[in-house]
Amino acid sequence: MRVLLISANTEKINMTTLPLGLACVAAATRNSGHDVAMVDLLVEKDTQSVLKETIEGFRPDIIGISVRNIDDQNMANPRFLLDRAKEIVAGCRSLSKAKIVLGGAGYSIFPESALSFLGADMGIRGEGEVAFPTLIGRMEQGADLSGVPGLYLPGQGLQCERLFAKNLDTLPLPDTDLWSLPSQKEKLWMPVQTRRGCPLSCSYCSTGTIEGPVIRRHSPEAIVRWIARWREAGVYKFYFVDNTFNLPPSHAKEICRKIINRGLDIRWVSILYPEHVDKELVELMGKAGCEQVSIGFESGSERILKNMNKRFTLKGVRLISEMLSDRGIRRMGFLLLGSPGETRESVEESLVFADSLKVETMKITVGVRIYPHTPLAMRAVEDGVISSHDDLLFPRFYLAKGLEDWLPKTLKNWTTTRPHWMM
């Protein structure tokens, strides 16, 4: 079958990266014997013309649309991003009779409500490398779809429980010919995912919903071999998108060692959980080309960290920050203010603590986006912030009472004299 895969994301919220998840699905679909075309709307100026030209030229039997972001998580002025995705679905409908299948990280958080809002024919929640080719095969044969893992149908809900690959090496990584790389490769950050799943259960986080609670990995050799292929293609900047690159530490260290042993001349950034980081890991990261890490310590109050179910201490955050600084690795810190139990005193603790770290960049978020199936969502119902019937597709936020006016004014004063602090 002819399969068109579309990345609907057009928002450059942090940095321009390629749609890795969709490319993995494209590789798996092509390996299953289907003719695959992929369109990344982030790099297209006239998306409607591109869709029209591609659909009329390729004549797809199936159209898969990846939904990455639901909103921009900005409480002060939230932007709901699914309206744009809805236009893309409608545009595909007007140009083709092909069935439209949704997927992607954003879709996986809201499988039923997003499917209803966007008006697609079906959606797949979770890893699509196995489920999507299975779905296509059954559709081609006219077979029953009820056994497709993670499949949702409009008005009928989940058809079959989703499955998680225990060994990610059984899933394909995308080949270099799947993407049309921009001519200015120095502006590109190639996404790399070495592992999936998160067992940490932070009170507000959606990662467990998207990837599952169990850590599953690619082998370090497979990952570094893949990076080396891209380096040969002219790419030298990489973004490890693992939500916690350093868990488990042995995995992270082995990846670094293999990058060093291959002599790969690359630059990369990653996300560290501020625990289970030692001098050996920091030294290996530096030697392997790591230039910057994001450290989501979120608060400078031990009490608030406990409320968030964080499993690290402020002492540990400071030690890790100092080790990174000593090695010359830039640090981007994150504060998430306004969660349950937050007070003016705890906010001031956080600001003083963050300031003392002297990180190169500090990102502050006011108010916590409420996602379904999280402890924060349950607390928000108890506190009357949301109703138990709210599906939360449209962004809702938690901000502790008493901070509504004081917090923005306080942060404005802090950021005025700290140009490296961002809101």
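**Close-up views of helix packing and the parallel sheet**

**Figure 1. H13 passes H15 in a right-handed crossing.** The model shown here and in the other views is predicted. Helix H13 covers residues 344-357 and helix H15 covers residues 406-416; they pack at an angle of about 20°, with 11 Å between their axes. Because angles under 35 degrees count as roughly parallel, H13 is described as roughly parallel to H15. On the H13 side, the contact is made by Arg-344, Val-347, Glu-348, Leu-351, Val-352 and Asp-355. H15 contributes Trp-406, Leu-407, Thr-410, Leu-411 and Trp-414. Sorted by class, the contact of H13 with H15 has seven nonpolar residues, one polar residue and three charged residues.

**Figure 2. Helices H8 and H9 cross in a right-handed manner.** H8 (residues 220-232) packs against H9 (residues 249-262) at an angle of about 40°, and their axes are 9 Å apart. The two helices are therefore oblique to each other. From H8, the residues that meet H9 are Pro-220, Glu-221, Val-224, Arg-225 and Ala-228. Their counterparts in H9 are His-251, Glu-254, Ile-255, Lys-258, Ile-259 and Arg-262. By class, this contact of H8 with H9 has five nonpolar, one polar and five charged residues.

**Figure 3. Seven strands form an open sheet with parallel pairing.** The strand order is S8-S11-S12-S13-S14-S15-S18. Strand S8 (190-192) and strand S18 (421-422) stand at the edges. Each of these edge strands has a single partner strand, so one side of each is left without a neighbour in the sheet.

**Figure 4. Strands S12 and S13 run parallel and are joined by five bridges.** S12 spans residues 267-272, and S13 spans residues 290-298. Leu-272 has Ile-295 in S13 as its bridge partner.

**Figure 5. Helix H8 lies across strands S8 and S11 of the sheet.** H8 runs at about 170° to S8.

Figure 6. The C-alpha trace spans about 60 × 55 × 40 Å along its principal axes. For 423 residues, a compact globule would have a radius of gyration near 22 Å, and the protein agrees with this, having 22 Å.

Key:
Residues are numbered from 1 along each chain as its sequence is written. This is a predicted model: local features need pLDDT of at least 70, side-chain atom pairs count only at pLDDT 80 or more; totals for chains, interfaces and linings use all residues. Side-chain values use heavy atoms; hydrogens and water are left out. Axes are lines fitted to C-alpha atoms, for helices over the stretch in contact, and angles run from 0 to 180 degrees between N-to-C directions. Helices (H or I, at least four residues) and strands (E, at least two) are DSSP runs, numbered from the N terminus. Angles under 35 degrees count as roughly parallel, over 145 as roughly antiparallel, 65 to 115 as roughly perpendicular and the rest as oblique. A crossing is left-handed if the near helix is turned anticlockwise from the far one by less than a right angle, and right-handed if clockwise. Contact means heavy atoms within 4.5 Å. Ala, Val, Leu, Ile, Met, Phe, Trp, Tyr, Cys and Pro count as nonpolar, Asp, Glu, Lys and Arg as charged, and the others, Gly among them, as polar. Two strands pair if DSSP finds at least two bridges between them. The radius of gyration is taken over C-alpha atoms; the globule rule is 2.2 Å times the number of residues to the power 0.38.
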